[in-house]
Amino acid sequence: MKLIYNSGWERCEIIEKQNFEESIFAEQYTRALSLIEQFVTNKGTDTGSDALKIVAFCGDRGAGKSSCMRTVINMLQDSKDEYINVFLKKNGFSSIINTPFEILDVIDPSFFDTCHNVLELVLGTMYGKAINLNKSRTDFDFTCINSLMKDFQKAKSCVHTLHNTSDGSFDELQELDSLSAGVELRTHINSLISKYLKLTGKKWLIIPIDDIDFNMENAYTMCEQIRQYLSSPQCVVLIGVKMEQLQNAV
């Protein structure tokens, strides 16, 4: 295998678009796509439809996990491309080729603070794309968009309740509000993702979250929120993480 070094690229995220077998990440591409293929076909896994479907890109700072994740995202987004299509077919990932994916912009946990959590970032990203789609299309299903907006409101209301009851208060009614909001939030998010995909005409939602361990103070909370609320039947979460740092944060 020939390794080419490009001066000035060492600090950039590189999206590879061909010669995937010759890449230093060839094995990682295959592993990640194999997991996604299993999720899409529901084969070879012991997880149910409501189990969390997650693909983790693990490595040290500067090891290339962000570039690897973004290249995989590009493969899912542009599976009909000549070079990508050949690579996917050669490795037996025909279901990925035939599955339309709706992919959110990569979420940066550095925006996560005491006022904004990872769920709000996901909901905000989905809302922004839904609004832009609404403006760009004329053949729009207004019944679907109105129902979708109601789910956005319900989910945001639940997130707000959870946020307001996470201050250590032991008031019994607040605790009941939090429990109720937690149960309802997962239902609303599942409904929201289903309607959002119907609106976009896609089958699966991909939620990429990079450097989840970078925010040391809130890394544990983010992971718990992903585990509890993003285990939708039609959702796959991609994360970039340094495992040792995440373990220290937890």
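**Close-up views of a predicted model**

Glu 120 counts as buried, with a relative accessibility of 16%. The structure shown in these views is a predicted model.

**View 1. A salt bridge joins Lys 156 and Glu 120.** The closest N and O atoms of the two residues are 3.3 Å apart. This pair links distant parts of the chain, with Lys 156 in helix α6 (residues 142-164) and Glu 120 in helix α5 (residues 118-136). The two residues are 36 residues apart. Lys 156 has a relative accessible area of 37% and is partly exposed. Glu 120, at 16%, is buried, because buried means under 20% relative accessible area.

**View 2. Glu 21 and Lys 90 meet through their side chains in a salt bridge.** The N to O distance is 3.5 Å. Here too the pair links distant parts of the chain: Glu 21 belongs to the segment before α1 (26-41), and Lys 90 to helix α3 (residues 82-90). They are 69 residues apart. Glu 21 is partly exposed, at a relative accessible area of 41%. Lys 90 counts as exposed, with 63% relative accessibility, because exposed means over 50%.

**View 3. Within helix α8 (residues 219-229) lie both Arg 227 and Glu 224.** Their side chains form a salt bridge, 2.8 Å from N to O. The two residues are three residues apart, which is about one turn of the helix. Arg 227 counts as partly exposed at 43% relative accessibility. Glu 224 also counts as partly exposed, at 22%.

**View 4. Glu 102, Lys 129 and Lys 202 are joined into one network.** The structure as a whole holds seven salt bridges.

**View 5. Ser 95 sits in helix α4 (residues 94-97).** Is this residue, Ser 95, buried or exposed? Ser 95 counts as buried, since its relative accessibility is 18% and the cut-off for buried is under 20%. Leaving aside neighbours within four places in sequence, Ser 95 is in contact with Glu 37, Val 40 and Thr 41.

Terms used
Residues are numbered from 1 along each chain as its sequence is written. This is a predicted model: local features need pLDDT of at least 70, side-chain atom pairs count only at pLDDT 80 or more; totals for chains, interfaces and linings use all residues. Side-chain values use heavy atoms; hydrogens and water are left out. Helices (H or I, at least four residues) and strands (E, at least two) are DSSP runs, numbered from the N terminus. Buried means under 20% relative accessible area, exposed over 50%, partly exposed in between (1.4 Å probe, protein chains only). Contact means heavy atoms within 4.5 Å. A salt bridge is a side-chain nitrogen of Lys or Arg within 4 Å of a carboxyl oxygen of Asp or Glu.
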